[in-house]
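Here is a short tour for someone meeting this structure for the first time. Have a look at the sequence and the model, then read on.

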Amino acid sequence: MTEMADPGFESRLLVLEQRLRLLEDHNAIMRLMYSYGPSVDSGLAGVVGGLWTEDGVYDVDTGRMDGRGEIESMVRTHPHQGFIQQGCGHIMSPAHITVEGDTAVAVCHTQLILRQLDGNGYQVSRVTANRWELKRTPDGWRVTTRTSRILDGQEESRAILASAFRHA
Amino acid sequence: MTEMADPGFESRLLVLEQRLRLLEDHNAIMRLMYSYGPSVDSGLAGVVGGLWTEDGVYDVDTGRMDGRGEIESMVRTHPHQGFIQQGCGHIMSPAHITVEGDTAVAVCHTQLILRQLDGNGYQVSRVTANRWELKRTPDGWRVTTRTSRILDGQEESRAILASAFRHA
Amino acid sequence: MTEMADPGFESRLLVLEQRLRLLEDHNAIMRLMYSYGPSVDSGLAGVVGGLWTEDGVYDVDTGRMDGRGEIESMVRTHPHQGFIQQGCGHIMSPAHITVEGDTAVAVCHTQLILRQLDGNGYQVSRVTANRWELKRTPDGWRVTTRTSRILDGQEESRAILASAFRHA
């Protein structure tokens with residue numbers, strides 16, 4: 001017969017499991033977000049689309065994409081395919097991630113950097129404010145809505161970055 | 001009466017709790033540091049100031065700020081407000097963080113990227129070496145001193161980055 | 001005499017230890033990778049070399065370095081020393097890391113950003129695709145091979161980024 005162990009162990013194990021799960025969530029969300037640049041710059045449309053839920057939204061000032069199909073189509077067509085041919089980097093800053101249960105919000109900057117055709121290095125073409133809304137699904141964390149607006153002085157872009165600190 | 005459990009469990013739980021706490025410290029410091037760019041680019045002076053301790057220092061080659069009040073004032077005034085209106089990104093590289101007990105040191109690069117007024121994309125205005133000194137407070141990790149020097153070939157900037165590897 | 005505790009505790013502890021170790025591996029690999037920029041830009045040849053195994057490879061389109069000696073020599077000589085004097089930032093994007101047991105693969109972008117000699121800010125000189133292969137050694141995680149190719153439209157660079165998603 002198994003002896004009952006110190007009940008304090010049970011609660012300490014539960015706390016450890018919960019704390020660990022939160023860190024695993026952060027790690028999983030980092031892996032998901034930091035897949036975007038490498039997959040979009042190598043043209044892996046299916047990988048890019050798969051970062052979102054089936055009906056996920058990628059809402060950019062240059063156009064709104066509803067659902068994986070439209071996101072994958074963006075990767076497969078112009079102007080994106082032209083950027084890849086020219087030489088491009090979709091570069092993300094390290095994200096500020098907040099997990100609350102089964103949803104999460106992250107904000108970060110992204111840059112679109114394009115090779116200059118005159119051979120004179122690269123040009124930072126766009127610097128963008130991003131808000132990612134994510135949720136836990138049976139297949140892991142996925143993006144439900146990513147909203148991106150160019151940082152050109154408009155209030156809307158600042159509001160995207162500020163939204164991470166609503167409760168601050 | 002509660003039975004005593006295997007004393008090995010007690011020590012394994014203690015080790016797990018310590019190892020987990022170190023990872024939580026890293027995660028908390030990442031969240032703190034990666035708040036800087038989004039909050040400074042959206043002009044949230046209080047959030048920016050709150051990353052530091054009340055008497056924290058932000059020592060930049062362009063001026064030294066002593067205490068939250070001076071840091072918040074930087075966010076609220078020129079030239080910073082002009083950068084926001086023009087369109088700017090304060091973009092951080094992922095940081096190399098070292099935690100030792102209740103203090104931590106991190107080094108990273110930051111860039112100030114400004115929208116060009118001629119409509120020709122963005123210009124990398126500054127690339128800077130950063131050393132962050134942090135401490136654990138009752139409210140969580142906070143910055144005690146951040147030292148930033150432009151990477152223009154001067155020895156001082158290289159020393160800032162090298163300082164992370166003093167014991168290497 | 002020590003009582004046997006609930007055998008469920010033993011398995012829960014084992015699972016916690018394994019999950020924690022995976023997160024510690026991710027954290028250690030981030031610390032290793034995010035050492036590169038700060039150490040190479042401050043000219044710490046020994047620290048840079050020490051990121052690799054003794055016979056590690058750094059395979060760049062501009063030249064292949066075999067072993068720590070050749071990597072350290074790159075840091076100590078031109079053109080790298082010239083970049084440092086001019087003012088440079090080797091800036092990494094946050095990496096997508098995959099750990100499998102005692103090996104790991106990471107992909108990320110890197111930028112070489114150089115101060116312009118006309119005083120007009122900085123120029124993004126190169127944007128590069130990177131694949132890092134790492135292994136666990138008695139001294140911690142080390143790089144066995146890092147492969148870097150400029151993103152100029154060539155298939156090889158896209159393949160480097162795509163390699164992280166081979167099993168996706």
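## A helix with a buried face

In chain C, the buried residues of α4(C) pack against α2 (36-41), α3 (45-50), β1 (52-60), β2 (63-66) and α5 (80-86) of chain C. Contact here means that the C-beta atoms of two residues, placed from the backbone, lie within 7 Å. Helices (H or I, at least four residues) and strands (E, at least two) are DSSP runs, numbered from the N terminus. This is a predicted model, in which local features need pLDDT of at least 70, side-chain atom pairs count only at pLDDT 80 or more, and totals for chains, interfaces and linings use all residues. As for labels, residues are numbered from 1 along each chain as its sequence is written, while chains are lettered from A and ligands numbered from 1 in the order in which they are written.

Which residues of helix α4 (residues 67-76) of chain C are buried? They are R68(C), I71(C), M74(C) and V75(C). Looking down the axis of α4(C), you find these buried residues within an arc of 120 degrees, so they line one face of the helix. The arc is taken from the directions that lead from the helix axis to the C-beta atoms. A residue is called buried if 20 or more other C-beta atoms lie within 10 Å of its own, exposed if 12 or fewer, and partly exposed in between, with C-beta atoms placed from the backbone.

Over in chain A, helix α4 (residues 67-76) has R68(A), I71(A), M74(A) and V75(A) as buried residues. Down the axis of α4(A), the buried residues fall within an arc of 120 degrees, so they line one face of that helix.

Back in chain C, strand β5 (residues 103-115) and strand β6 (residues 122-137) pair in the antiparallel sense over 13 bridges. Strands count as paired if DSSP finds at least two bridges between them. H109(C) sits opposite A129(C) in β6(C). The two strands make a hairpin with 6 residues between them, and G119(C) in the turn has a positive phi of about 80 degrees.

Next comes strand β7 (residues 140-150) of chain C, which runs antiparallel to β6(C) and is joined to it by 10 bridges. A hairpin links β6(C) to β7(C) through 2 residues. Across this pairing, R136(C) has W141(C) in β7(C) as its bridge partner.

## A closer look at W141 in chain A

W141(A) belongs to strand β7 (residues 140-150) of chain A. Is W141(A) buried or exposed? W141(A) is buried, because 23 other C-beta atoms are within 10 Å. Setting aside its neighbours within four places in sequence, W141(A) is in contact with A28(A), I29(A), L32(A), L134(A) and R136(A). The C-alpha atoms of W141(A) and L51(A) are separated by 8.3 Å, though these residues are 90 residues apart along the chain.

Where chains A and B meet, 32 residues of chain A are in contact with 38 residues of chain B. The largest share of chain A's side, 8 residues, comes from α1(A).

Chain C can be laid on chain A with an RMSD of 0.0 Å, by a turn of 120 degrees and a shift of 0.0 Å along the axis. That is the relation of a three-fold axis. Copies are superposed by least squares on the C-alpha atoms of residues with pLDDT of at least 70 in both.
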